[in-house]
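Here is a short walk through a structure. Keep the sequence and the 3D view side by side as you read.

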Amino acid sequence: MDVAVVTGTHIGNVDGQLRARPAGPGRLYLCLNRGSEVFIVDERGPAVIHRRVPTETEEAALDAAALTTVAKLAERGLRAEIVSQRLNRRKIDVIPDPEWADPPKAKISELLAAVEGRLRSAGLDGLREVVLVAEEAARDAGLSDPKVTSDAKHVEIGLTDKADSARWVFAELWRRGIGPAQVLVAGDEFGPLGGLPGSDSLLLPPEAQRAVAVSVGREPTGVSPGVLALGGGPETFLALLRDQLERRRRGDLPEVDGDEAWTVFSRGFDPDLERVQSSLLTIADGVIGTSGSPVGSHPSARPRVLAAGLYDGEGSETELVSCPLWTRLDGELPHAMSFERQLDLHAGLLRQKLGRQPDLESILFSSLACPGTAVLRAKGVRALLESDEPLEAAEGTAVERGIVGGTTWARQRAGAGGLAVAAAERLEGDRLDRVATYVVDPTAVPDPEEALRRLEEAQEIGFDGLFAAHRRRWAERWETADIRIEGDDELQRLVRFALFHLMASAAETGEAAVGARGLTGPAYRGHVFWDGDVFVLPFLAATDPPAARAMLEYRIRRLDAARTAAAALGRDGARFPWESAGTGVDVTPSHAHDHAGGLVAIRTGELEEHIVADIAWAAGCYVDWSGDTAFATGPGRELFTETARYWASRIRLDPSGRAHIYGVIGPDEYHEAVDDNAFTNVMARWNLRRAAEAGCGAVPDAERKSWLELAAALVDGYDSETQLYEQFAGFNLLEPLVIADIAPHRPIAAELLLGRERTLGAQVLKQADVLMLHHLVPDEVAPGSLEPNLAHYEPRTAHGSSLSPAIHAALLARAGRLGRAVEALRLACRIDVDDLTGTTAGGVHLATMGGVWQALAFGFAGARASAGGLELDPRLPETWDALELRLAFHGYPVRIRIEQGALEIDADPAVPISVGGWLGRRFERRGEDWEEVRK
Amino acid sequence: MRKIIAALDNSLAARAVLATAGNLAQLFDAEVEALHVGEDGDKVARGAAAAAGLQLQRVAGPTVPALVDAAAADDVAALVVGTRRLPVGGRPVGTTALDVITSLLKPVAVVPPDAVRRSALQRVLVPLEGTTVTSLAPKGIIELARDADLGVVVLHVHDAATLPAFTDQPQHQARAWADEFMARYCPWGIGNVRVELRVGRPAKEILAAAEETDAHLIVLGWSQEIDWGRAPVVRELLERGRIPVLLVPVRLIPTGDERREESWNRSQSSLA
């Protein structure tokens with residue numbers, strides 16, 4: 001338990017009385033000097049961690065304000081004295097009589113009556129008027145936001161007050177994952193005093209909403225609404241503290257903050273939607289993901305645990321394995337009982353509540369601080385808490401099991417590796433605590449001893465320690481990744497929901513195989529597509545570089561397989577597979593039944609080669625945002641080089657010297673085996689140029705020169721007359737069909753609406769293809785070509801890929817069509833929550849969520865990173881009050897806040913930032929200063 | 001022992017009706033009762049019954065009420081009637097068949113006169129439209145077929161109004177979609193049935209799929225409302241099909257059905 005003492009007095013006074021030297025784990029904060037200082041106290045004593053230091057001007061203003069106040073009161077015939085000059089404030093005694101020199105708290109009513117009488121005899125309207133006089137004097141002295149307070153005997157003019165203390169405390173707790181609903185605010189002076197708000201009412205600023213507030217004071221005029229008046233003074237206060245300690249000793253379930261902007265509620269139970277709900281409510285830590293299924297059993301539930309990168313099976317049948325479950329209790333989910341699940345996005349907690357009593361309540365988390373460690377605490381009816389053992393093998397899987405000293409372990413083989421998991425539980429009275437530790441290794445079968453060792457460590461830390469570390473880690477991640485959309489509460493919730501799953505899906509160490517559904521479900525067999533590299537990775541590169549690096553490590557470790565794939569085709573370099581799993585060998589099926597029942601050839605594995613450049617682009621994106629030179633000159637350079645070599649051997653020159661790439665599939669997968677797909681060619685061009693730049697000094701000059709020549713010779717289908725790119729050679733000759741005009745609605749699966757053959761022969765797109773270039777590599781396309789290509793291709797796009805709406809939101813934002821951009825963004829955000837694909841039961845669409853972030857960061861904020869710095873070009877829709885993003889550029893945190901007519905950037909001066917297009921002007925920052933750049 | 005009533009008229013359809021009744025009797029572990037209603041001649045019916053080793057039961061009176069009365073008995077599992085009398089010419093559904101299927105609260109198999117007569121059912125096609133109510137109706141039949149080791153093919157047809165918005169990667173999407181479709185609408189069939197998807201006009205696609213999969217019987221849950229504009233799929237299947245269609249009224253599903261009971265407080269999400 002943490003305690004923050006908020007008082008107006010100074011450290012000598014408070015520490016002298018308390019003499020507390022707590023050893024932890026709870027923290028003691030002393031918030032002193034009316035909001036101007038914060039100390040943290042441990043075994044070594046107090047140490048200042050925050051101090052509001054006044055400027056000389058502020059000091060002079062405070063002096064002037066106090067003198068003026070005393071003088072003005074004197075003019076009214078009231079003698080008042082300045083009694084102290086404390087940090088950031090001046091204290092004026094309005095009743096400097098010996099009999100009221102040091103009144104005890106118990107005499108507050110008498111003191112108030114004496115002061116009021118004294119003031120009225122001077123013709124003043126009580127303390128309220130004195131405060132008004134002081135405020136006016138402070139403003140006249142130059143203080144724009146003076147804090148004037150009174151404890152009846154004194155009036156203080158300051159730069160800070162208790163509200164600053166409260167705000168500091170709530171902000172500090174928030175940074176540690178503790179929401180206001182988990183805070184008890186106790187005071188003795190909430191009610192009004194002398195016509196002024198009670199001083200403790202300042203402890204309840206807007207940030208304290210949902211906190212429990214109690215008064216133990218006498219409160220002669222009552223308390224403000226929302227405050228519970230207990231009375232009883234210090235004894236009640238001590239009883240409150242004892243009660244809080246007792247709750248922890250009993251192991252009560254921690255409160256979960258219910259802030260609607262940070263919470264996903266799922267109330268009730270619907271067998272039809274249960275699997276969708278379970279996917280949406282998945283909790284993951286980058287190593288394992290656990291569905292948000294009920295802890296009790298139900299035939300409609302499909303509880304599952306997936307481990308990152310742990311595949312089994314052969315060829316295209318290779319799939320993520322289902323791992324032993326740690327969440328199951330034996331009791332069946334009873335019918336017709338109230339059931340509620342609550343996912344706290346900020347703290348990464350899943351709470352389940354069954355029955356109104358409740359009969360069973362549980363908290364579950366998969367530790368972001370200690371990935372692979374999963375924790376369950378449940379309280380309730382004993383029969384619902386019991387289980388034969390804490391681990392349950394997934395259906396259809398074979399596991400070895402054992403028990404060591406009462407601890408259960410299991411081992412499961414998968415591919416060349418496997419996992420080991422150990423779990424222990426303790427059932428005492430109405431409380432069950434369970435901890436499970438998973439060790440996942442795709443390359444070797446782990447020893448259960450390792451899982452047991454980690455379990456022992458986790459048990460030593462205990463529930464409280466694991467819980468605190470987990471929610472603190474989640475809070476830290478949010479500090480660098482949150483996005484605020486003010487003025488659109490629905491989008492705000494949906495965006496945070498997307499960011500939550502993005503953050504949970506990639507580990508920060510080793511390699512991160514991020515499949516199409518992350519760790520939230522088994523659909524797409526967990527295969528890794530360009531979804532991860534192009535859609536998910538940018539978010540991580542800009543908010544959590546170690547996780548982006550781990551995603552690239554997954555590709556780097558499979559470079560040999562990619563080299564082998566290229567060699568098998570008689571080519572150089574590395575050819576990454578369209579679908580990848582454990583080994584890096586292509587696992588794309590060759591045939592499949594589609595929605596129309598037909599057995600169709602799947603040619604993406606053979607032809608969708610832009611994946612090669614996509615992975616290089618992802619590496620470039622990571623380098624640009626992180627500034628990781630070790631990567632750029634090490635494995636990153638190798639990745640650029642090998643992918644460039646592939647393109648160099650893939651490209652063909654015609655007799656006129658123009659370069660071509662024949663027979664590919666572009667992102668618009670409706671058209672197969674096309675020549676000179678603009679996206680593929682331009683991405684290959686970018687790849688060659690980036691590799692030539694990155695290979696300077698490491699790759700022979702002649703080879704680099706040949707790459708640049710090839711890049712320059714590559715055709716891209718651009719027509720300078722129309723400013724349009726032709727999607728591929730011959731696209732313009734296809735049936736001129738505008739899907740926006742003929743489809744009953746969009747998005748729609750055009751190949752099902754029109755039939756496969758007609759779709760192949762028509763100018764209809766599944767998703768952005770040419771336009772994807774404007775999104776990914778805007779410097780590689782003709783200036784000014786976004787608008788004409790957007791106007792041409794968007795109406796021809798069916799948006800039959802779940803990747804399409806978010807990317808179009810970004811493009812529409814860049815084009816200034818902000819209303820349409822918001823519509824597209826909202827659609828992208830709703831793809832999973834409304835189960836628009838009918839497959840969210842198999843996991844959420846992680847790439848769509850990455851696209852949502854890109855729409856906001858790249859689209860609306862216009863953020864672009866490069867070696868030269870960070871560029872911004874913000875666009876704010878009329879319907880939003882503000883958009884605020886947190887990013888990391890080259891290791892420096894950056895906060896960008898865009899309001900209607902205002903832009904706020906909070907970043908270290910070392911970050912080179914330029915702002916373009918802001919109110920028609922362009923700015924660059926040089927050191928601390930901003931300069932307007934005129935063309 | 002339970003009974004399958006084969007309603008035989010004095011037409012060439014009688015033999016097809018009897019064959020289907022025999023097939024259903026095997027499925028339901030029941031015996032066939034051959035029944036003829038009316039004052040007209042029964043020579044063909046009697047001959048067909050005799051050929052099947054059955055004694056023809058005769059009942060006088062108006063045909064439809066008599067059939068409904070007979071089939072309403074507790075020991076009757078299903079009724080089998082002919083779609084129409086003649087296998088040639090136009091293919092309207094006979095009024096007897098229409099009146100019986102809309103008024104009898106029992107599974108009714110409607111057999112076209114030109115249906116191929118099978119010695120035993122091998123494969124059953126179960127079209128599901130993707131609603132809880134209609135998917136519950138064929139549940140019992142699917143379970144019987146599964147227990148009898150018959151092949152069961154569950155079919156869903158996307159029409160213009162229900163086309164998926166997204167197909168993403170078709171090599172995975174259709175399977176993921178079908179997995180969840182089965183979990184919602186046919187959980188009792190998971191692992192035991194084959195799932196087929198089609199796009200087009202439902203009745204047409206159902207008939208095509210029945211042919212492609214060599215289905216011997218189509219099983220369909222329905223609302224028993226066949227007035228103008230209602231149940232167009234059922235009407236077209238009966239008019240155009242050459243495969244017996246077993247119609248299971250959704251009203252057979254008790255209001256306190258187990259799956260509905262499971263759904264309490266109808267799930268609500270703060271993201272919805």
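Four strands of chain A form an open sheet in the order β5-β6-β8-β7, with antiparallel pairing. The edge strands are β5 (81–86) and β7 (147–150) of chain A, and each pairs on one side only. Helices (H or I, at least four residues) and strands (E, at least two) are DSSP runs, numbered from the N terminus. Two strands pair if DSSP finds at least two bridges between them.

This is a predicted model: local features need pLDDT of at least 70, side-chain atom pairs count only at pLDDT 80 or more, and totals for chains, interfaces and linings use all residues. Residues are numbered from 1 along each chain as its sequence is written, while chains are lettered from A and ligands numbered from 1 in the order in which they are written.

Angles run from 0 to 180 degrees between N-to-C directions, and axes are lines fitted to C-alpha atoms, for helices over the stretch in contact. β5(A) and β6(A) (residues 89–93) are joined by five bridges in the antiparallel sense. Here I82(A) has I92(A) in β6(A) as its bridge partner.

Two helices pack on the sheet. Helix α2(A) (residues 56–75) touches β5, β6 and β8 (154–158) of chain A, and its direction makes about 15° with that of β6(A). Helix α4(A) (residues 126–140) touches β7 and β8 of chain A, at about 155° to the direction of β7(A). Contact means that the C-beta atoms of two residues, placed from the backbone, lie within 7 Å.

Now look at another sheet. This open sheet of chain A has four strands in the order β1-β2-β3-β4, with mixed pairing. Its edge strands are β1 (3–6) and β4 (45–51) of chain A. β3(A) (residues 37–42) pairs with β4(A) in the antiparallel sense over six bridges.

Next comes a helix pair. α10(A) and α26(A) (residues 818–833) pack at an angle of about 60°, with their axes 10 Å apart. That angle makes α10(A) oblique to α26(A): under 35 degrees counts as roughly parallel, over 145 as roughly antiparallel, 65 to 115 as roughly perpendicular and the rest as oblique.

Finally, turn to chain B. 51 residues of chain A are in contact with 38 residues of chain B. β12(A) supplies the largest share of the side of chain A that touches chain B, seven residues.
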